[in-house]
Amino acid sequence: SRTYGAGQDDLFFPSSTDVLRPWRGILDARTLQTISSDVLVPRLGRYLSRIQIAKAATDQDWKCVDVLYCIYENGLLSDRDLLSLLEGEILAPWAEHLHFWLASKDYDLKNVATFYAKWKCKLFSSPSSSSLKPSSPDRATALSGVAKDPVICRHFYAGLRMIDAVIRNDADALDDLTPPSSGEVTFQSVLARRAKEDRQKAEAAMRARVADEQSALSHNANHSAHQRNGGVATFREVVEDFARRNDIVFTPRFGANSSKDGKQVFSFGGVSIYLDKDVVFAQRASSWYPTSLEDLALAANS
């Protein structure tokens, strides 16, 4: 429920931050942020979902934004969680409110411009006051990522286009810019989308890295092959040559787990791999992931 614990949030967030902050020197950032993601973030999402958007910037209560940013500045939120909370629980209702306001024609353009500018300034900078005080000045510079996030910027660009539509008296253009209902966009749905996008970017980057690395390795292996018999090295020979150069045992596996989708599975220093279209896939738990030979060597030697 979005109202669960509403009366205790002013105590919960400062207390939780005080409890978690000392662990920054003991736990690595990813572990600490994972704990926060499980404990703090769901409640923080409910807290932010109750934000009331005021037409007059002077009437706006910025406490929710200040709490969010101060928790982030204390190193307790990952970038993905911060951006997902901003997009799903703050900017979605902000865009809906701005569109409804402009469509109602009950507005003064000067007030609309002030509304837009105040919100953009607030979300693109660190908080001015809060009971949760950041202890690391370097975290404020990390907030520059908010202004660089394409989807966050897209919301503000859409807001500008809404304002431009009413200035041009173009009702159709304004109607085309109708945002999704804030009830249809939540922190959880945004987080799921961003996690998928990050995973796809990481896989694309890994594939590009693997391709570059293996192109260089193929050159070296082909050179060795020409020295031996004048032939062109296969990708398997590239991997074998890399393993030999790094003193890593590379052998085919036999038995029940000797193939994956019809492809031979090899042991690369104890790590199960298979080769597909000049890409190495390594097994982690029950899944297979594309990996570079360099990372594979580190895994084999660990």
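Is Phe 250 buried or exposed, and what is its relative accessibility? At 13% relative accessibility, Phe 250 is buried, where buried means under 20% relative accessible area, exposed over 50% and partly exposed in between, with a 1.4 Å probe and protein chains only.

The model is predicted, so local features need pLDDT of at least 70 and side-chain atom pairs count only at pLDDT 80 or more, while totals for chains, interfaces and linings use all residues. Residues are numbered from 1 along each chain as its sequence is written, and side-chain values use heavy atoms, with hydrogens and water left out.

**The chain**

The chain has 13 helices and six strands; helices (H or I, at least four residues) and strands (E, at least two) are DSSP runs numbered from the N terminus. Of its 302 residues, 43% count as buried.

**Aromatic rings**

A pair of aromatic rings is described by the distance of the centres and the angle of the planes. Rings of Phe, Tyr and Trp (its six-membered ring) pair if their centres lie within 6.5 Å; planes under 30 degrees apart count as stacked, over 60 as edge-to-face and the rest as tilted. By this rule there are 14 aromatic pairs. In one of them, Phe 250 and Phe 268 have planes at 70 degrees, so the pair is edge-to-face. Phe 250 belongs to strand S1 (residues 250–252) and Phe 268 to strand S3 (residues 263–268), so the pair ties together parts that are 18 residues apart in sequence. Phe 268 is buried as well, with a relative accessible area of 0%.

Tyr 274 and Phe 281 form a stacked pair, and both residues are buried. The table sets out the two pairs.

| Pair | Centre to centre | Angle of planes | Type |
|---|---|---|---|
| Phe 250 and Phe 268 | 6.1 Å | 70 degrees | edge-to-face |
| Tyr 274 and Phe 281 | 5.1 Å | 10 degrees | stacked |

Elsewhere, Trp 94, Trp 101, Phe 115, Tyr 116, Phe 124 and Phe 156 make up one aromatic cluster.

A ring can also have a charge over it (NZ of Lys or CZ of Arg within 6 Å of the ring centre and within 35 degrees of the ring normal). Arg 43 lies over the face of Phe 12 in this way, 4.1 Å from the ring centre.

**Contacts**

Contact means heavy atoms within 4.5 Å. Among contacts in the chain with a separation of 6 or more, 64% are between residues 24 or more positions apart.
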